[in-house]
Structure formats: structure tokens, C-alpha cells
Amino acid sequence: METILFLAHTEADGTLPKVALEALGAAQELAASIAGSPLVVGLFGGEVKLAADAIAECGAQQILAVAGAEYAQSRYSTDAAAVEMLCRASKATIVIAPATSRCARVISGVSHRINGRVDTHVNSITVTNDTPAATRWFYRQRMVADLERTQRPWLMLIDSGCHAAYEGAPGMANVENVQIVLGEVHKRTNVTGIQAPKSDEQTIRPDADLLFVAGAGWTKKQKDGQAHPKEAETHILGFLKLTQASLGSSKSLVDLSGEGQDVLQFMSHLNQVGQTGSTPRHAKGLSTCCHGEEPHVVGWRFINERRAINLDANCGWARGKADVVYVADAFEVLTKLNALLAEKKLVTA
Amino acid sequence: MSTPFQIVVCGGIVPDPLQTLEPISGPAGPSLKNEMMLPAVLDPWAGHALYEAANLAKAVPGSKVYLVSLGPKAKLQQVMMTVAQKVAFELVAVDGPASGFTDAHEAAMALAEAIKTIPGLDKSKLLIFGGWESASRGAGATLQIIGEMLGVTDQFQGVDRIQVREDDSFEILERIEGGRHQVSTCAGAPAVLGWATGYLAEPRNDPQVGMANMRTIMPALQKAKAAKVGAEGLKFAKVELPKQQRQTRIVKDMAADEIAKEIAEWIGKN
Ligand SMILES: Cc1cc2nc3c(=O)[nH]c(=O)nc-3n(C[C@H](O)[C@H](O)[C@H](O)COP(=O)(O)OP(=O)(O)OC[C@H]3O[C@@H](n4cnc5c(N)ncnc54)[C@H](O)[C@@H]3O)c2cc1C
């Protein structure tokens, strides 16, 4: 038997992020698979009532909360205090939380406070003979492992897109507030704001179906012996606008921008996918002007269907990494593709 | 003028990312095939942390940078030959495994103990830097735990920038979802900063910096204490390489319009 705590923070509008509902789905399933294991919910944030009501019917034995203005901001000191108290109050042996940046920032620190162990980036949890095992990747998505732990509490952070989201009807939750006395030591840090790209430069869309990855090829000299960064920009932004795809980049391209070269203005190091970038999850990915070496390819680990456009048939993608490699000029293909997509849009509008 | 910092960068070593990795299982759990033979590099995000530390130390005179590294001594020495040429630091080495299959708690404990042995360490000036995740375990856990072990509870992860102000407070940019940054101010040291890539380019190799560093690096390696770092209580039921190979269709000699049509259809399909 385990006591399973589903732990999450609310967003500024009082709701739960989607990945939290996915983690709740995983927590529910886990509780159901180990005989006699109660599920407890622990919420923290500025306001939690709306979120608690939304998941009131999830079968939790108890809904605990740490709420108030001090917890509205994502700050280590107060978040760690809240998470620690929720873990202690629930007497959880297993804690399941979503891999939001906010939870990821504190979960490991808290695991130490409560003398537990932590696993982050968990992809799935399976149960055999009442013993849970977690699946996660090692060496930057280059090998995958199933692991079990004897220590408790065991805290797990579930990656987004790995489990079906909880979908229960809302109800009236009975929330038990857990009080914490905060001191000056908790208030040395203040969150002062969020810096977001201007809305027309917003290119990272974690929930998009499609990832469009641009490589350094877009900035290289083309057939006419010239580089065409402005055209590249028009093609890429046009494509993103038409498809609402998320934009990824190779390291080489990001580094070029960092060196102050006249390259794609909207491309930042946050776009980089791969070994030192991110490994986003999307149903499809289209790689353009990218060479696709191993450190780059790990960024595509969780992209289901992969296609690439490259002038070079010996591009790294050609060797069993993409489903289709079009040996073609990306400038030419994108001109046609954007025109086609715009036409389709007109027809459907 | 700001008070000088003592910046402790925690950075491990990882197999060169261009190497093919293969897991093998032994009595002590999984490891990499030919692990000791694989060329190693400084963990990339920790590398960014180190460059940012050096940059900050330059901006705040009197500051000092330590690089605390846990890894097999012989491998550490190899990697330090290159790293030492980048920026000035004092090495604190711990002799132990650099495997991704060791537990973050145990690695954190060894590193925290090593940090505690730094002579004259003043917590009011302490900034603990490192990569927000490693290229081996990739957990984002080690730094948080080190912070907790040293009683540092102002922590930041996915950091891209620190800007120190006149009154010793600083502003920090942390990556959050959707390509955005959270902006925070912190009253001052001590703090833990897990770095993403930051904005600095990789420093060029400077043989003079290298020579100066090597004078302290060799003795630090000789002094390196062995630490037992494993994965107690953790059982790997299975470690495997993903099925990587795809049946790639290589399309040559197709007109751009045709390719565009095919891709548009593919995008439109659910
Ligand atoms: C420690 C380390 C970490 C790394 N981490 C990462 C990482 O996190 N992410 C990452 O991406 N990389 C990473 N790399 C680098 C990686 O190995 C690759 O070198 C890099 O991603 C290649 O970038 P690229 O494809 O943009 O550029 P290039 O290798 O220059 O490839 C450009 C491609 O564009 C094609 N091209 C040019 N013009 C056209 C055209 N008109 N139409 C179609 N194709 C065209 C060319 O044929 C070429 O294949 C890392 C490397 C190291 C050593």
C-alpha cells in the first residue's frame, strides 16, 4: 500500500495547467493499481478553490492546500515550504507532480527536506505486484530505463504529453488549508514579472501539433553565391503564421545569432532543440536546412513523425532518423508550400 | 561597488555527445560500455555556468570562482586540460563516478561536502552555480539538493542572466514555459543558480589562462578525495537504447511544387 499525493500549483487565473491534469491522470491510475492506496490532492498557489472544484470528483480522500498571495508567485523559498508542508501533511509515500518549470524548480530540494528521493522527467509509471516502476531517459534522451526505488517518500515529476489528462466533471471540493508561518527568509526573492516575446514574435508553442526546425542552412550562401536571411525570415515566419507550428532551431543557427551575425531576428537560444537545448513533444516535425547530427537529433526524440528538407542527400537525417528526407532547396519548397497553405486557408475560411 | 562573490560552480563531465553510447549491466547497476575509454567533455550547461561565473567575477572585482567536480580523477584531468584554457578558476576535485546512473542525492552529498571544505568559504558571499540539468542524468536535481544541504533557499533554475546591482541585490532571468522568462530580484547572496545557456559565447582557448590554472589543478587532483557515490535503493529493471532506426524514404528529383503538395497534405492529416 502507498499513500499517493497528487501535487500541483494553480496558474494565475486559479486553474490547473494541462500538464497537471495529465499528472493527476497518472496519479489516479497509480492509486488504482496498488491495492488499498489512497489518493490525496495537494494544491498550492494564490487561489486554489477553482482548481479544487474542477478536480473535486477525482476520488481523492483529502484535498489539502497552501494558498494565499505569498504563493501566487513562483518562488523557490515559499514554493518549497508549501510543497514540503503538503508532503508532510499528506503522509505521502509517493508524490506525483507535473513537470512545470515551477514544480521542477523545487521538487528535488523538497525531496531532501523530507528525506525522500526524487525522479524527474518521468514518462510513465507501471505497477507489477503492487510495486511501482518509473520510466525515464538518461544521457539526454539517448537511452531509456525502467527503475524502482525502495526509499519513500518517492517524488516523481511527470513530463508533459505522457499521460491522458484527467477529465472529470467539476464538483464542490472540501479544501483543508495547511498553514505555514513565513519569515523574512522566505521573502528575499521577489518575482517582478514575466518577459515574453512580443505576440508576433511568439514562436515557441509547446502545444502545437507541428515543430518546424530551422538550421544554419537558411543563412548559408545559396546557388547564386549570396545569403538570403531576409527571405529566409519571410519564409519561416510565413510558415509559422499559417500553421501555428512551434519553432525550433539547431545550435549552429542560434550560435550564429549570438555572434551578432545578420541572421534571423526572431530566433533566440530558447528555440534551440537538442543536447543543450530542449526536447519538446509534438506529433510531427519538419526539419529544414538542418544537418541532423546526434546532438541535434536528441531534440527530436519525442517527435513522432519526422520529415526533412535538405539539399544534401547525405544529410544526417538521411540515415534512418527521419521518415522522409526531401532532397531539395528549402527556399523553393517553402515558397510553394506557403502559397499552398495560404490558398487552403482562404478556401476553408 | 558590490561585495565580492565566492562563486562555486558545480560541473561534472559527460561523454562527448558525438560518441555512440551503449548501456551495459553490472552488479553495481547499469553503466556505459567502455565508459573509461569514451572521450569526455565538461557537461555543456555546467560549462555555461562556468563561463557566466567567470564573467560575473570579472565584473565584481575581488570575486573568486571555484569549479567543484565529481568524476574519475584520470578523466577529470583530461577534461581539465581543455577547460582550464577557457577561464580562471580554482578546481576542487572529488574522485568518484561521473555516471548518469548514480543517484542525484548521493552526488549532491559528495559535492556539498567538498564545497564545505573550501577554505574561508563565506556563505554571505556564496553563489552556487551549475547546469540546471546534466547531460548524463538530466534530472535538474543535484543543485537544488546541494543548496538545501548548505541551507541556501533562494534558488533559480534555467537561468539565462544575472545582473548584480549596486546594493548587492541581483536580478535573475529564468526560463519558463513557452519561450518566456520569469524575472526575479533577490536580496543578495547566498543563492543557487542552475544555468541554461546564458547569452555568452564560449570563451576562446587562452593558453596563458590554462597555464595559470594548471598550477592549482594538478595539486587539486592529487588531493582529490574518493567519494562513494552510487544509487542505493534504486533498482534499474531495464536500460536500453531506443529503437532509433527509421525506414527513411529519400526523395530525390521531385519538383518543388510536388514536395510542397505532399508536405501540405501531411501537415493537414491528423
Ligand atoms: C557539445 C555539443 C552540443 C551540441 N548541442 C547541440 C544542440 O543542443 N542542438 C543542436 O542542434 N546542435 C547541437 N550541437 C551541434 C550539432 O552537432 C550540429 O552540428 C548542429 O545542430 C548542426 O546545425 P545545422 O544543421 O543548423 O548546421 P549545418 O551543419 O551547417 O547544416 C546546414 C544544412 O543546411 C543545408 N542547406 C543549406 N542550404 C539549403 C537549402 N537552400 N535548402 C535545403 N538545405 C540547405 C545544408 O545542406 C546543411 O546540411 C552540439 C554539438 C556539440 C559538440
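## Chain contact and ligand site in a predicted two-chain model

The contact between the two chains takes 90 residues from chain A and 92 residues from chain B, where contact means heavy atoms within 4.5 Å. This is a predicted model, in which local features need pLDDT of at least 70 and side-chain atom pairs count only at pLDDT 80 or more, while totals for chains, interfaces and linings use all residues. Residues are numbered from 1 along each chain as its sequence is written, chains are lettered from A and ligands numbered from 1 in the order in which they are written, and side-chain values use heavy atoms, with hydrogens and water left out.

Chain A and chain B bury about 7,700 Å² between them, and 55% of this area is on carbon and sulfur atoms; buried area is the accessible area (1.4 Å probe) that two parts lose on being put together, summed over both. Across this interface the rule finds 11 salt bridges, a salt bridge being a side-chain nitrogen of Lys or Arg within 4 Å of a carboxyl oxygen of Asp or Glu. Across the interface of chain A and chain B there are also 53 residue pairs in polar contact, both residues at pLDDT 80 or more. A polar contact is a pair of N or O atoms within 3.5 Å; within protein, one must be able to donate a hydrogen and the other to accept it, and residues adjacent in sequence count only if both atoms are side-chain atoms. On the side of chain A that touches chain B, helix H4 (residues 101–113) gives the largest share, 10 residues; helices (H or I, at least four residues) and strands (E, at least two) are DSSP runs, numbered from the N terminus. That side of chain A divides into 40 nonpolar, 27 polar and 23 charged residues, with Ala, Val, Leu, Ile, Met, Phe, Trp, Tyr, Cys and Pro counted as nonpolar, Asp, Glu, Lys and Arg as charged, and the others, Gly among them, as polar.

Over all chains the count comes to 34 salt bridges. In one of them, the closest N and O atoms of Arg152(A) and Glu2(A) are 2.9 Å apart. Arg152(A) lies in the loop between strand S8 (143–149) and strand S9 (154–158) of chain A and Glu2(A) in the segment before strand S1 (4–9), so the pair ties together parts that are 150 residues apart in sequence.

The ligand is surrounded by 28 residues, the closest being Ala216(A), Gln222(A), Ser250(A), Thr276(A) and His291(A), where a residue is near a molecule if one of its heavy atoms lies within 4 Å of it. Residues from chains A and B surround the ligand, so the site is shared between chains. By class, the shell has 10 nonpolar, 13 polar and five charged residues.

| Residue | Polar atom | Distance to a ligand oxygen atom |
|---|---|---|
| Ser252(A) | side chain | 2.9 Å |
| Gln272(A) | side chain | 2.7 Å |
| Thr276(A) | backbone | 2.6 Å |

The protein covers 82% of the 990 Å² of accessible area that the ligand has on its own, with areas from the Shrake-Rupley method and a 1.4 Å probe. Helix H6 (251–258), helix H7 (294–297) and helix H8 (330–348) of chain A are the elements that give two or more residues to the shell.

Some local backbone features complete the description. A cis peptide bond, with omega about -5°, joins Arg152(A) and Pro153(A), and Pro153(A) lies in the loop between S8 and S9 of chain A. In chain B, the peptide bond from Ala189(B) to Pro190(B) is cis, with omega near 0°.
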